[in-house]
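Student: Could we go through this structure together and check what stands behind each label?
Tutor: Gladly, let's have a look.

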Amino acid sequence: MGITKKHIIIACLIVGVIIFAYFVFNTKGKQREIEGLGEPVQGDATGQVQLSLSGFDLNIKYLKSYQIDALVVGVEDYSLGGVGDDLVPRDLALVWGKVAEYNTRCGFDWSQSGRWYRWRAPSYEALKPVGDVTYVNQHSSNNHLIAADEAVKNRISKVKVGDEVIISGFLVDVSGKNDKGETFSWTSSTSRTDTGAHSCELIYVTDMDVIKQ
């Protein structure tokens with residue numbers, strides 16, 4: 001039996017699906033689980049750095065030292081322009097503890113937009129392995145990452161869902177002004193128990209290890 005037009009169309013569709021799947025997983029990654037990721041470590045800190053960006057003179061004040069070893073469950077890029085997007089072009093949604101250990105078995109659905117992260121589970125019953133809603137909220141976070149240098153910036157740009165990341169740096173308060181008198185401010189949460197507005201971590205990242213899945 002010879003090759004027909006129908007066979008060619010089917011073959012093209014299969015190749016197209018394979019290419020699409022590879023592109024999606026290669027650029028975004030896929031969900032997985034990791035055991036043994038402990039609590040973030042936060043300590044006292046003093047100091048600050050100055051930065052000129054997007055016409056603003058910014059002061060980045062250290063609030064707390066911070067290190068977190070976590071599973072990446074969400075990656076969201078921001079590129080509309082302006083000082084906020086230029087300062088933090090990428091957010092990472094991170095989980096640790098039992099949330100990282102049971103991420104796929106609990107069926108979590110993670111999403112990000114507008115500098116927020118959100119999560120859903122199929123049911124309250126599905127949360128039993130990790131406890132409850134409060135536990136999930138206290139073992140997951142949206143993280144706004146400020147790269148301290150080009151090497152860190154490059155590592156952040158290559159992170160995908162499913163990677164394990166070890167982030168070291170500082171939770172910070174950013175304030176600044178441009179020559180038009182316009183001001184800019186952005187402050188990190190310093191607690192893992194808060195939720196809602198202002199509960200995200202704004203991290204000045206001085207070092208970052210990315211462990212690929």
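This is a predicted model: local features need pLDDT of at least 70, side-chain atom pairs count only at pLDDT 80 or more; totals for chains, interfaces and linings use all residues.

Student: Why is S140 called buried?
Tutor: Buried means under 20% relative accessible area (exposed is over 50%, partly exposed in between; 1.4 Å probe, protein chains only). S140 has 4%, so it counts as buried.

Student: What makes the link between the side chains of S140 and Y117 a polar contact?
Tutor: A polar contact needs a pair of N or O atoms within 3.5 Å, one able to donate a hydrogen and the other to accept it; residues adjacent in sequence count only if both atoms are side-chain atoms. The S140 and Y117 side chains are joined at 2.7 Å. The S140 side chain also reaches the backbone oxygen of V136 at 2.7 Å.

Student: How many disulfides does the structure hold?
Tutor: Zero, taking a disulfide as a pair of cysteine sulfur atoms within 2.5 Å. C106 is buried, with a relative accessible area of 1%, and C200 is buried at 14%.

Student: Which residues have the most contacts inside the largest nonpolar core?
Tutor: F108, W110, I167 and M208, in a core of 35 residues. Such a core is a set of buried Ala, Val, Leu, Ile, Met, Phe, Trp, Tyr and Cys residues joined through side-chain atoms within 4.5 Å.

Terms used:
Residues are numbered from 1 along each chain as its sequence is written. Side-chain values use heavy atoms; hydrogens and water are left out.
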